[in-house]
Amino acid sequence: MPKYTITDNYALIDKLKENRTLTKDEWTRLIAERTPELAEYLFSLAREERRLHYGHDIYIRGLIEFTNYCRNDCLYCGIRRSNSHAVRYRLSEEDILSCCHTGYGLGFRTFVLQGGEDAFYTDEKMVRIIEKIKKHFPDCALTLSIGEKTCDSYRRYFEAGADRYLLRHETSNAEHYSKLHPSSLTAAARKECLWNLKRIGYQVGTGFMVGSPYQTARHLAEDMLFIRELNPQMVGIGPFIVHHDTPFADQASGTLELTLFMLGLLRLMLPKVLLPATTALGTIAPNGRELGILSGANVVMPNLSPTSVRKDYSLYDNKICTGAEAAECRNCLEKRMEGIGYKIVTERGDSLNL
């Protein structure tokens with residue numbers, strides 16, 4: 001690849017702002033040749049775009065991690081099937097509804113049910129849970145994040161009242177995907193799930209790990225092109241963080257710096273998308289979520305799960321807020337956001353990226 005001047009890379013960011021996309025080679029070059037100065041320029045434009053569409057509002061999502069059983073054996077994940085050291089748990093319907101009641105009282109108007117791919121929660125059970133949540137909290141949005149399902153299952157959840165679905169594609173490159181997952185999982189199947197979700201009518205969220213093992217700048221370029229094509233309502237990215245009980249325990253974690261840069265690029269590419277400052281960002285740096293907001297993000301996801309199980313939903317090491325009460329997390333985030341000039345708002349916060 002030929003060398004380019006810094007001026008050329010600034011021009012690429014301007015081109016991205018104007019055209020909302022780049023070629024694969026341009027994406028690759030911009031990511032590979034980023035500098036701190038270029039990043040600051042990017043972040044200033046990303047903040048401008050976010051303010052244009054969302055002002056200084058930060059949306060909160062109440063995260064309920066309701067099961068850490070999983071049929072899959074992804075090489076990076078702490079709740080992978082073959083991790084015999086994981087302390088497994090499942091929340092009952094009553095537990096889940098209790099979390100929602102707590103969250104509603106704290107101002108949450110979106111609940112996110114997240115869990116491993118756990119066969120215990122059949123379609124019938126999930127439909128019943130969804131219907132109960134929507135009955136008790138009709139003014140709230142409900143997001144599911146429970147992995148790959150059949151198109152029929154997705155449709156049943158949607159008809160029961162689920163509004164949104166989060167399914168990170170992790171990496172759009174098939175070869176790279178195969179290095180992170182067992183042979184039973186493929187990038188093509190994951191993408192097909194995302195297209196099915198869009199066809200059904202969900203507000204769809206996808207995303208990828210930053211700095212995962214074997215990842216290159218070109219892989220990230222392919223991720224950006226896939227996301228541009230999918231045009232989702234939400235994009236969740238975060239740094240890869242190792243878990244000590246996985247095959248990747250000796251790998252290096254992803255960096256805060258590259259994750260923030262990718263957040264800024266995503267905001268310029270899809271100005272109206274919902275973009276979380278993730279828990280993983282807050283784990284890798286004490287002020288990671290604040291820096292995520294200042295890079296263009298506009299969503300935070302405090303944990304509403306019972307404190308007794310939070311430490312067991314361990315996707316990666318040193319996850320933050322495993323012992324804090326829901327109200328404590330909510331109040332802490334509100335002060336943190338106010339400290340950088342933003343405010344948490346209590347509304348559904350639907351995506352403007354239609």
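Mentor: A disulfide is counted here when a pair of cysteine sulfur atoms lies within 2.5 Å, and in general such a link is a covalent bond between the sulfur atoms of two cysteines. The model is predicted, so local features need pLDDT of at least 70 and side-chain atom pairs count only at pLDDT 80 or more, while totals for chains, interfaces and linings use all residues. Residues are numbered from 1 along each chain as its sequence is written, and side-chain values use heavy atoms, with hydrogens and water left out.

By the distance rule, the count comes to 0 disulfides. The closest cysteine sulfur to that of Cys-74 belongs to Cys-77 and is 6.3 Å away, which is too far for a bond, and Cys-77 is likewise in no disulfide. Cys-74 is buried (under 20% relative accessible area, with a 1.4 Å probe and protein chains only; exposed is over 50%, partly exposed in between), its relative accessible area being 9%, and Cys-77 also counts as buried, at 13% relative accessibility.

Turning to the helices, which are DSSP runs of H or I with at least four residues, numbered from the N terminus, α2 (residues 24–32) packs against α10 (residues 256–269) at an angle of about 140°, with axes 11 Å apart. Axes are lines fitted to C-alpha atoms over the stretch in contact, and angles run from 0 to 180 degrees between N-to-C directions. The contact, meaning heavy atoms within 4.5 Å, includes Trp-27, Leu-30 and Ile-31 of α2 and, among others, Phe-261 and Met-262 of α10.

Key: Helices (H or I, at least four residues) and strands (E, at least two) are DSSP runs, numbered from the N terminus.
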